[in-house]
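I opened a new notebook page for this one. Here is what I looked up, in the order I got to it.

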Amino acid sequence: MQKPSNFTVYNASAGSGKTHTLVKEYLSVLLNSDDIFTFQKVLAITFTNKAANEMKERVMESLKAFSDGEQTEILLYILKESNLDVETIKQRSQKILTAILQNYSAFSITTIDSFTHKIIKSFAYDLGLSLNFEVELDSKTLLNEAVEIIISKIGTNEKLTKLLIDFSLEKIDDDRSWDISRELNEFSEILLKEDDIEHFKRLSNKKLDDFTSLKSNLLIHQKELQTEFKNIGNEFLDVLDNNSLTKNDFNRGSIPNIFKDISEKGFDFNYTTRSQTIEKAIENHQYYKKTTPENIAKTIESIVPAIINAFQKCKVIYGKYLLNDLALKSIIPLAVLNNINNELTQIKEDNNIRLISEFNQLISSHLTEQPAAFIYERIGQRFQNFFIDEMQDTSVLQWQNLVPLIDNALAQENSSLLLVGDGKQAIYRWRGGKAEQFINLSSGSNNPFQIKSNLKNLETNFRSYSEIIDFNNSFFTHTSKFFGNLQYKKLYELGNHQKINTKVGGFVGIYFLEKLEDKEEKELRFASSVYAKIKALENDFSYGEISVLIRKKKDGLIIANYLSEKGIPIVSSDSLLLQNSNKVLFLINVLKFLQNPTDFETRFQILYFLYHHLVIKEEKNNFIQHHLKLEQTSLCNAFENYGVNFSINKVYELSLYEKFEEIIRSFKLLQSTDAYVQFFLDIVLEQQRKSKSETEFLEFWELKKDSLTIVSSESEDAVQIMTIHKSKGLQFPVVLFPCDLDIYNEKNPKIWLDNLPENFGFKELLVSYKKDLEQINDRSLALYLNRKEELELDNINLLYVALTRAVEQLYIITDKNLVGKEKSENLKYYSGFLINFLKEIGLWKEDLLTYEFGSKERVSTKPELKTKVDLHKEFISHSWEDHNLVLAENSSKVWDNTKDARNYGNLIHELLSHIYIPNDIDKVLEQYLQKGIIEISSFDDIKKTISMVVNHQLLLKFFSENNVVYNEREIVDVDNQILIPDRLIFHDDNSVSILDYKTGTPSLTHHQQVLQYARVLKSMNLKVVNKLLVYINDVIDVVEVSSTK
């Protein structure tokens, strides 16, 4: 039976079972259809891979339970909402389960990024992309490469060099380091943000001259504005003189004083603050005192229009000055960013790479105008039912790209769209997520579809105990009054009335900390308070049930270090970093030492580690000083005195992975398994497979060491420390939240300012977000206020997410942040909201620091600790020599028979490409033997063959040390065809000889190939004196190629 299309929006506050609802509705669609392949017409989109996998698991588990005849809550729901009976559901579940397992690739529960990638792949040709383009997830590495290219051009590109010098000087003026490399890497990350990509795309056609020209023009305009500003001051002072008025005639002399400063100082005084006084005087018509004589009052009244006119002129000019000033401070950084962006674009083109952050922009720019049916045909699936999770975190572009597909589906019967989200949990604006998008959809406004939406609320909180639910309902309803935006106010006013579940009890505590003057003690206040709370909890709750949520990683590091020092086991992103392992750092330092033996800082680190690791008895300073400046080989030999057999020559011959294993064995680094070292070796192997050299690996380490971590077991009994963003979607029996955030504070905030004057030559500029924007013009004021309102929502949302993670007990630790003589709460901070709330409910007392709701006694049953992981205690590592094995770096270079014709020819070519003179033969062959490319059994035969070529009487002169030789160098001919001769030998008289190696049977095409090389070289004004084909078989045959052949 045909059903009308349906559009449902679920408002799902924290803990209300949104994943359960999604699974329930998804299964309802599948089971209410006679077609067991309906799942192929359903697209469910989630925000993370973890959420997608969780939803898949729940769907499959439910289908399995239905198939086995189990009665579940979801089954009862489907029975209630449909005309199906238990037996029908059982049979359909069995068939659907089998169909999904047999067609798993069509089981479309996925992330939005995976779905957009599928579309991009299907339309690669239409988008002008190579069909085999690669997706680069590690965007920062590419960005750093672009920055390095820009820096490398210093000294070679005059204009760019001047730009970078100016950028460095600006940093010095701001009391920051002149070294630009780190800052370029940090501030250029804006190029990867979805909201900014389109802006930079519009700037891509701007040249350096455009930026420098704007700077010059603005500097001239600033001088003109300064003169005009001073003239207005002088003109107004003339008005006062002409009317015989003095500053004493005015209320506090404010008006004459400001115009006097304008005339004398121009923009070089605090005009913003002073002008506010004049603004109020004009608004309230308070120009003189009540005691002012009537004649003077009348005179002042007569010049009020002149006062207002002069002030308005000053206001306009000052706005232009502020705009120019903002622009001048942004021009050089923006020009640098534009150049980095152009280099990034070139790197992507050269390497056939696309960043995942570009996908949505690509689809939006090229595919949204395509018919939906055409898009469906290309991707090979036609969806009728859509489920979108975490809608509040879906970016504007992502949503706009989905709308045509969904709209096409909803125009037909038996189709549906279900959105689930919560505007209060939108915390990813910096990643393109817009809370307003879901807020509008959930309120019924801004509906892009022809059918009306059905709005539903998930009203019950199934996660938390009643005390936590009641507290959060009251507190966050109270916070609604702090929003300047009416839409946000309504969201919190109406969205915090969650019903409690059967879990009664729980605890909420608010703890205020007195401010301290000592900086070190101030930093440890939160950490020591967290420690005290954990100690009080440890009898009732295991460490693994406690989570500490932090706003910034640096706060987490302080707390993690403090708790570790106190013996509390912790798991945090910082504690899991590979660079926190002394053994991993030792391995890195040894590789650095092998690369640069004269790096004494690295030597010191190695010796310091070995002193403790080898338990050396002699005095530490003597040990380090004695060994620090030894020659490299002597130092390694000296280690033998401490039971270490480390052969420097042997290690140099090993591959990257084998090097590290040899270091581990030689220095007896591990007696048992070590998670940090094992994860490190996995990364080494991964990088070796990417053919990274040792230098490239060290560069990779420096770039990635702050993010490379081990994966910890979830069953570990340790306190978890994580950021609020990482905690989203999770829950913990006990949450500690030590934080007091300034909701308006941002690090170097930027904003795109548009509607610029035509003489700028730019439609928009990326400028600093600051209060000056309020005074420039109406557009800048609107942008400033909008950003301010967004900060209010985003940071109160962060607080909402943090306080709703707790299941049974919640501990809020914050500052006692009071301001002014009245010691009132500071409503820029979280603590201000909490104090204001406590005042509202009549509990606040200035001398009281602790406020508690509910009982600290545990209500839930304490679970038994179970270890889910089997640990391998022994670290297993053997040298390949122990087994007479060779570790090959590349499987494609391993074959059963070395003299297989094609592989043999390729190998001989490759070996000869590295040989320039006869002395190179042994060195090159030894390297290939150590890498496992040549087998030991074939070594002598291959060496004999290579020697026969190099020492051949007709060829020996071409392997002389006096020759200039290019092996396998690319030549581009007039038709842009790339040619690669095996060996070119250049002589002093502008002549060249060509050698080309062949194996197997001679062919006329070989002659034609050499003649083509010769033609191209002649077109380069070179004289070709020898054209030789060298046939390498059991005997070496040298054939002269003639032009008439």
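A definition before anything else: I call a residue buried when its relative accessible area is under 20%. I also note that this is a predicted model.

**Entry 1: a pair of rings**

I searched the whole structure for aromatic pairs and got 54. I picked F737 and Y830, a tilted pair with 6.4 Å from centre to centre and 45° between the planes. Where in the chain do F737 and Y830 sit? F737 is in strand β13 (residues 732-738) and Y830 is in helix α34 (residues 830-840). They are 93 residues apart, so I wrote the pair down as a link between distant parts of the chain. By the definition above, F737 and Y830 are both buried.

Next I looked for a cluster of aromatics. One cluster is made of F471, F475, F476, F483, Y488, Y492, Y800, F837 and F853.

Then I checked for charges over rings. K566 has its charged end over the ring of Y531, 5.7 Å from the ring centre. R983 does this with F959, and here the distance to the centre is 4.0 Å.

**Entry 2: Y428**

I found Y428 in the loop that runs between β7 (416-421) and α18 (435-442). Is Y428 buried or exposed? Its relative accessible area is 10%, so I noted it as buried. Which residues does Y428 touch, leaving out those up to four places away in sequence? I listed F47, D393, G433, H725 and K728.

**Entry 3: cysteines**

How many disulfides does a search of the whole structure find? The count is 0. C314 has a relative accessible area of 1%, so it goes down as buried. C636 is at 2%, and therefore buried too.

**Entry 4: domains**

The domain assignment gives domain 1 (6-130 + 358-458), domain 2 (214-328), domain 3 (480-574 + 717-854), domain 4 (578-705) and domain 5 (895-1040). Taken over C-alpha atoms, the centres of domain 1 and domain 4 are 51 Å apart.

**Entry 5: confidence**

I finished with the pLDDT. The protein averages 87, and 91% of the residues score at least 70. Over residues 889-899 the value is below 50, and this stretch has 16 contacts in the model beyond near neighbours in sequence. Where pLDDT is low, the predicted coordinates should not be read in detail.

Definitions and conventions. Residues numbered from 1 in each chain as written. Predicted model: local features only at pLDDT ≥ 70, side-chain atom pairs only at ≥ 80, totals over all residues. Heavy atoms only, no water. Domains from an automatic or database assignment. Disulfide = S-S within 2.5 Å. Buried < 20%, exposed > 50% of the residue type's maximum accessible area, 1.4 Å probe, protein only. pLDDT = per-residue confidence, 0-100. Contact = heavy atoms within 4.5 Å. Phe/Tyr/Trp six-rings, centres within 6.5 Å; stacked < 30°, edge-to-face > 60°. Helix = DSSP H or I, 4+ residues; strand = E, 2+ residues; numbered from the N terminus. Lys NZ or Arg CZ within 6 Å of the ring centre and 35° of its normal.
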